[in-house]
Number of protein chains: 2
Amino acid sequence: MKKLKRSARLVEMTQYLLVRPHSLIPLTTFAERYNSAKSSISEDLAIIKEVFHDEGLGELNTLAGAAGGVKFIPKTPKAVSLPFIENICRELAVPERILPGEYMYMSDVLGHPSVINEIGKIFASAFADLDIDVIMTVETKGIPLAYATAAFLNLPVVIVRRDNRVTEGSAVSINYVSGSNKRIQTMSLARRALKEESKVLIIDDFMRAGGTIQGMKDLLQEFRATVKGVGVFVESGEVEEHLVEDYVSLARLANVDSRNKSVTVLPGNYFD
Amino acid sequence: MKKLKRSARLVEMTQYLLVRPHSLIPLTTFAERYNSAKSSISEDLAIIKEVFHDEGLGELNTLAGAAGGVKFIPKTPKAVSLPFIENICRELAVPERILPGEYMYMSDVLGHPSVINEIGKIFASAFADLDIDVIMTVETKGIPLAYATAAFLNLPVVIVRRDNRVTEGSAVSINYVSGSNKRIQTMSLARRALKEESKVLIIDDFMRAGGTIQGMKDLLQEFRATVKGVGVFVESGEVEEHLVEDYVSLARLANVDSRNKSVTVLPGNYFD
């Protein structure tokens with residue numbers, strides 16, 4: 001590769017790091033890529049590290065030694081993510097969004113990739129230090145959130161289907177009781193979609209009693225997998241008892257009154 | 001904001017532009033943000049423009065005048081995207097992936113956010129010059145592709161459901177005949193999910209005869225919307241007659257032999 005000036009190198013390295021989060025990049029990779037001395041590369045990285053830190057984009061961790069290199073860990077400080085979530089709470093707290101069964105219409109908000117990416121970055125910050133192999137979600141509305149989180153954590157995604165029409169070879173199906181309406185439902189996952197004994201992060205858009213999440217946990221037992229964390233975008237605080245105790249929520253519904261069409265939306269337990 | 005040195009400014013502007021594709025950013029935004037002269041900002045942008053071009057990231061278009069500014073248009077040259085797609089074709093062309101009904105197991109490949117983002121960037125390049133309001137897909141496996149494309153085009157996404165259990169208020173449902181197995185199926189979309197007369201780009205993961213895509217087109221007529229483009233990741237070339245004629249495909253299945261478990265996977269019509 002042609003020798004780049006420092007200015008061009010900084011632009012190139014910035015974009016290179018941003019699309020490779022949680023990946024160890026040896027300094028030699030950059031040195032060869034730009035035909036530059038490692039000492040120059042180190043100076044460049046110090047500049048990038050400072051800007052990433054000041055902008056709240058995340059950490060640039062340098063590992064010394066022969067197996068060393070640099071790793072970009074996306075992390076949004078809570079001081080940055082709280083105002084973003086408060087804005088979303090205000091947008092959600094309108095009567096027209098209340099649906100029958102105390103659900104909430106959020107598809108418009110979750111239809112914006114910039115919102116989805118920001119939420120994904122917050123989940124990736126919350127779970128950055130866990131040892132995870134794969135992110136799991138259940139169709140449909142959790143899928144974009146799971147992929148956004150996975151992109152910032154550099155992990156693959158598996159999608160559980162809400163039926164047993166899986167056309168992907170042999171599958172494991174379980175029945176679960178949706179905690180809110182007590183209906184028996186089915187979810188399934190193709191055998192080959194998940195390695196045995198995987199370490200899993202569950203991501204979903206909405207949790208009431210937690211029946212769906214508990215269903216995913218039961219399904220994961222069939223794969224002898226370990227649940228390392230659970231992240232839900234919005235939880236309903238209206239539930240007397242959650243089936244799932246240990247989870248991270250970014251927003252919380254309170255005082256849902258379907259009859260008088262009123263609702264309060266507050267930041268979730270991540271900000272407690 | 002504190003005055004940044006050129007080196008730090010370049011890092012900051014690069015990340016700022018990358019997460020704001022297809023958005024016009026006035027030079028004054030940068031000038032105020034970094035407390036710098038517009039002439040300095042213009043010099044910075046020239047450096048970034050050259051690197052983005054050389055790296056195949058896309059164009060940095062500068063619009064002069066009072067309403068002027070700069071706009072990042074992600075565009076992957078075909079010379080860069082073809083080897084990427086050829087790699088995927090090789091990965092897909094293994095007998096174990098052939099499913100009953102001449103479908104193909106692709107969930108593992110489509111489970112990687114980096115693959116999804118690359119495909120999204122290719123679709124965004126293919127449709128960069130169209131006037132589009134919104135991207136539409138149908139659950140389940142097209143969703144990550146639709147969001148990835150939408151992120152690079154700075155557009156919202158609407159998801160069509162494959163049933164009529166839509167809990168999002170009044171909805172429009174249509175029946176359609178899946179072209180491959182002639183079964184009658186239902187798809188639906190909440191009224192409030194899509195403005196009347198929207199200009200729509202349809203994105204999906206797989207197309208055989210095109211029944212599902214034709215179904216989405218029929219559904220869109222109920223919203224008096226216009227279909228501006230159709231992008232499918234993989235098409236099956238085994239079909240005598242496609243219901244949909246005008247589409248962009250990135251890969252194509254040929255010679256699917258379920259009995260002898262063999263298949264050929266070639267780059268799609270985008271590369272013709």
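This note goes through a predicted model with chains A and B, point by point.

1. Contact between the chains. Chain A places 48 residues in contact with 48 residues of chain B. Together the two chains bury about 3900 Å², with 62% of that area on carbon and sulfur atoms. On the chain A side, the residues losing the most area to chain B are A:Val11, A:Tyr105 and A:Arg192, which together account for 15% of what that side buries.

2. Charged pairs between the chains. Four salt bridges are counted between chain A and chain B. One salt bridge pairs A:Arg33 with B:Glu55, and the closest N and O atoms are 3.1 Å apart.

3. Domains of chain A. The assignment divides chain A into domain 1 (6-74) and domain 2 (78-271). Taken over C-alpha atoms, the centres of these two domains of chain A lie 33 Å from each other. Contact between the two involves six residues of domain 1 of chain A and eight residues of domain 2 of chain A. About 540 Å² is buried between these domains of chain A, 58% of it on carbon and sulfur atoms. A:Pro21, A:His22 and A:Pro74 provide 72% of the area that domain 1 of chain A buries against domain 2 of chain A, more than any other three residues. The count of salt bridges between the two domains of chain A is zero.

4. Helix H1 of chain B. H1(B) has 13 residues and spans 18 Å from its first C-alpha to its last, close to the 18 Å expected at 1.5 Å a residue. How much of H1(B) is buried? Of its 13 residues, 11 are buried, so H1(B) is largely enclosed by the rest of the structure.

5. Helix H3 of chain B. H3(B), residues 38-54, has 17 residues and reaches 24 Å between its first and last C-alpha, close to the 24 Å expected at 1.5 Å a residue. Its buried residues are B:Ile41, B:Asp44, B:Leu45, B:Ile47, B:Ile48, B:Val51 and B:Phe52. Viewed down the axis of H3(B), these buried residues fall within an arc of 160 degrees, so they line one face of the helix. What covers them includes helix H1 (6-18) of chain A and, from chain B, helix H1 (6-18), helix H2 (27-34), strand S1 (58-63) and strand S2 (69-74). After H3(B) comes B:Gly56, with a positive phi near 70 degrees.

6. Cis peptide bonds. In chain A, a cis peptide bond joins A:Glu139 and A:Thr140, with omega about 10 degrees. A:Thr140 sits in the loop between strand S5 (134-138) and helix H6 (143-153) of chain A. In chain B, B:Glu139 and B:Thr140 are likewise joined by a cis peptide bond, with omega about 10 degrees. B:Thr140 is in the loop between strand S5 (134-138) and helix H6 (143-153) of chain B.

7. A:Glu197 is not a glycine, yet its phi is positive, about 65 degrees. A:Glu197 belongs to the loop between strand S8 (184-190) and strand S9 (199-207) of chain A, and its relative accessibility of 48% makes it partly exposed. B:Asn154 also has a positive phi, near 60 degrees, in a residue other than glycine. B:Asn154 is found in the loop between H6 and strand S6 (157-160) of chain B. With a relative accessible area of 42%, B:Asn154 is partly exposed.

8. Leaving aside neighbours within four places in sequence, B:Ala150 is in contact with A:Pro113, B:Ile135, B:Leu155 and B:Val157. The C-alpha atoms of B:Ala150 and B:Met136 are 9.5 Å apart, and the two residues are separated by 14 residues along the chain.

Key: Residues are numbered from 1 along each chain as its sequence is written. Chains are lettered from A and ligands numbered from 1 in the order in which they are written. This is a predicted model: local features need pLDDT of at least 70, side-chain atom pairs count only at pLDDT 80 or more; totals for chains, interfaces and linings use all residues. Side-chain values use heavy atoms; hydrogens and water are left out. Helices (H or I, at least four residues) and strands (E, at least two) are DSSP runs, numbered from the N terminus. The expected span of a helix is 1.5 Å times one less than its number of residues. Buried means under 20% relative accessible area, exposed over 50%, partly exposed in between (1.4 Å probe, protein chains only). The arc is that of the directions from the helix axis to the C-beta atoms. Contact means heavy atoms within 4.5 Å. Domain bounds come from an automatic or database domain assignment. Buried area is the accessible area (1.4 Å probe) that two parts lose on being put together, summed over both. A salt bridge is a side-chain nitrogen of Lys or Arg within 4 Å of a carboxyl oxygen of Asp or Glu.
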